[in-house]
Amino acid sequence: MDAVIYEDRKDNEKYSASSSENEKGRVSADVEVASVEQPEDEDEANASASTINTDDPFPIDPHAPVEERQFTLRAVLVGCALGAVIAASNIYLGLKTGWTFGASLFGSIFGFAILKPISTSAPSYLGGGYFGPKENNIVQSAASAAGSLGLLFTSGFPAAYQLGLLSALPSQDIGRLFTFTICCAFFGLAFSIPLRKFYILKLKLVFPSGVAAAYTIQSLHVGKNAAKDAKRKTKALILSFCFAIALKVVSEYAPGVLWDWHLFYTLNRIGWTSAINAESWGWIWEWTPAFIGAGMLTGINASYSFLGGSFLAWAIIGPIIVQTGKAFGIPADESVPGYMNYVSMSLTDPINHPSPRYWLVWPGTLMLLCTSFAEVACNWKSIYAALRTLTLSISEHFQRQRFGAEDSARDLDIVDPVPEDERVPLWMWAFGANFEHHHQLCRDGRSVWAKRRHYAVGFIGCESAGRTNINPVTAIGNASQLVFGGVGKGQHYSVKRGELLNSLSGMLALGAAEQAADMIGDLKTAHLLRSSPKAVFGSQLCGAIVSIFMAAGVYVVFSTAYPCINDLSYTTCSFPTPDVQSWRAVAVAVSSPTLPIPPSSGYTAIGLGIAAVLSVVAKYTLVPPKYHAFVPNFNAIGIGFIMNVTTYPLAMFFGSTIAFVWRRRAFGHYQMFCFAVAAGFIAGEGLGGIVTAVLTIAGVSGAVYGTSVGCPGGVYCG
């Protein structure tokens, strides 16, 4: 799914930013950021109300030392290492829920926690020397780039393996995985530079995550309480990070006690026999720090909608379709009467004898597609204007290159505050784009080259991320699948060839949009902090190289430890892979000669898809903007249908409720610690997941040496 969504902020903590004059005047960004100088107490924090222009660079602090070095070895190494942690976490989290999270805030705070003490205590030859906000921006940018591209391995690639389109094991395709990822990485990296001038300097889009990172970095370095507040934030981050790792690893050896609480199974064992139905439908409580933290970041609209969709699917519609004979389960444990498995994905007869999980995939997928396309349609004017202006900007740029430098300063009336020697020269980013265009790294024939004409959909991701902080990369990928599914049928490709064609096209579009939007967000941070775009570009390049190998490598590790990720023959799996189910469903639907959809599922999908469209249209035409948070989020509802477990929506509901109450009761503490604690939880559990995968491969995991106490039927449930 998409990156972190910041919403439901206090009215007096809104920051507005001017849009371009040919757009809609001014747009508001509900972004909560740390103020430059922290108030002395909570009352003052609640009382402070200011509107900050997010367009212009921060004022220069006359008392701050001049940062002679921005792009440094220490910054790049620390940033890449932190980004690698997030890359590993994102593979884990993406396979669990379809959600991934950016590394900006994690890199900003943790990078400061590592480098600030080194800068003051170590000699210069060991990394000592002044560490300021601009170099902190380099750490953050390297971390952000290194932590991206995980969605490729939590959606398209597992779906391709499940469909038998690639080799039997990902480890046999490691070279292809690396080179395909390079295609996406180079595109996003190279085109982020020209898009900087367009989206940040001309359209003046907000990029809320970039603004939040900039204010976080500024608050760590500037202000009378900066040092004290930085220590408190980093301490909270480190403690939450270590707690999450420890809980994840230790709980593998007693999952029924420390991780999953099978409350309804316990009630069944003590006499309430019908409670086993709730256990069969997956209503289990899980102490997952990552998704409690995710709920703290995403807000109540997304998490409450997520739980609502899960309840509608797995507590109402699911039991109804089983009761009426539209879907069928299989016994989970013969020793426990009534204990059923409704989440198998057998495709023996998917139309006449589907499992509830298969039946529910289609309504969930159509809700995702309809919601995303409706959002695009409702914003067609701004998207059209953006694409048109971008085309004219690029055309005029190359015309000026031909006719001389005297017109270059005009540059469509865009004033670039960055000195000439700190800008990224044309040859540097054009080389990356040219390399990516001409080097045939993806060895899947002409179909890959045909997909290049559709890279323009990546601009939709940048536009959406800049305005709303939501990058609909999954919908962009699915849209590309639909387009090239039609191309495949027109070319009379075989079913397998068509599935491979639309899967690869979707992954190229998804990866390019994800990378480009992340890189532009980092350049927004650099713009506010007055950092050198050339230095940021260099750090992004280093981080992208780490991301290429880290994302693919971690995916291979998880696939080796948990073969069920790529094999549908397993009846249970620790990873629900909701994005994979959606991706595979679209690939099959657009390539098969007949739609493999149960009629009742198809009719339900159409009805809910129409409801999703009407909801989006109503939000933009009838509902005032201040009430948009109360409009159901059909993207999250759709994921609730596709995800075959309820533990994650419950955990996110819990986390967002904690954050909501925390913000209302103690806003000062919330502003100080919420992002740090949530980021530590997310990164810590993700890294703990890597540790448990390695333990599984080594044969010393909880499945071998752990206890099954608290697990249904006395069977290990880790």
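Figure 1. The model is predicted: local features need pLDDT of at least 70, side-chain atom pairs count only at pLDDT 80 or more, and totals for chains, interfaces and linings use all residues. Residues are numbered from 1 along each chain as its sequence is written, and side-chain values use heavy atoms, with hydrogens and water left out. Ser 305 belongs to helix α13, residues 300-323 (helices are DSSP runs of H or I with at least four residues, strands are E runs of at least two, and both are numbered from the N terminus). A polar atom of the Ser 305 side chain is 3.0 Å from the backbone nitrogen of Asn 633. With neighbours within four places in sequence set aside, Ser 305 contacts Ile 300, Pro 632, Asn 633, Ala 636 and Ile 637 (contact means heavy atoms within 4.5 Å).

**Figure 2. The disulfide and two further cysteines.** One disulfide is found in a search of the whole structure (a pair of cysteine sulfur atoms within 2.5 Å). The bond links Cys 711 and Cys 717, with an S to S distance of 2.0 Å. The torsion about this S-S bond is about -60 degrees, so the disulfide is left-handed. Cys 711 is buried at 4% relative accessibility, and Cys 717 is buried with a relative accessible area of 17%. Cys 674 is buried at 1% relative accessibility, whereas Cys 378 is partly exposed at 29%.

**Figure 3. Nonpolar cores.** The largest nonpolar core holds 125 residues, and Phe 106, Phe 153, Phe 157 and Phe 558 have the most contacts inside it (a nonpolar core is a set of buried Ala, Val, Leu, Ile, Met, Phe, Trp, Tyr and Cys residues joined through side-chain atoms within 4.5 Å). Helix α26, residues 667-698, gives the largest share of this core, 15 residues. A second, separate core has 21 residues, including Leu 307, Ile 317, Ala 327 and Phe 634. Not counting residues up to four places away in sequence, Phe 153 touches Ile 91, Leu 95, Pro 158, Leu 177, Thr 181, Ala 551, Ala 552 and Tyr 555.

**Figure 4. Ala 605 in helix α23.** Helix α23 covers residues 599-621 and contains Ala 605. Ala 605 counts as buried because its relative accessibility is 5%. Its contacts, apart from residues up to four places away in sequence, are Trp 362, Pro 363 and Leu 366. The C-alpha atoms of Ala 605 and Met 367 are 7.3 Å apart, although 238 residues separate the two along the chain.

**Figure 5. Helix α25.** The 19 residues of helix α25, residues 647-665, should span 27 Å at 1.5 Å a residue, and the end C-alpha atoms are 27 Å apart, which agrees (the expected span is 1.5 Å times one less than the number of residues). Buried residues in α25 are Thr 647, Tyr 648, Pro 649, Leu 650, Ala 651, Met 652, Gly 655, Ser 656, Ala 659 and Arg 663.

**Figure 6. Whole-chain context.** The protein chain contains 27 helices and six strands. Of its 718 residues, 58% are buried. Among contacts with a separation of 6 or more, 84% are between residues 24 or more positions apart.

How values were computed. Buried means under 20% relative accessible area, exposed over 50%, partly exposed in between (1.4 Å probe, protein chains only). A polar contact is a pair of N or O atoms within 3.5 Å; within protein, one must be able to donate a hydrogen and the other to accept it, and residues adjacent in sequence count only if both atoms are side-chain atoms.
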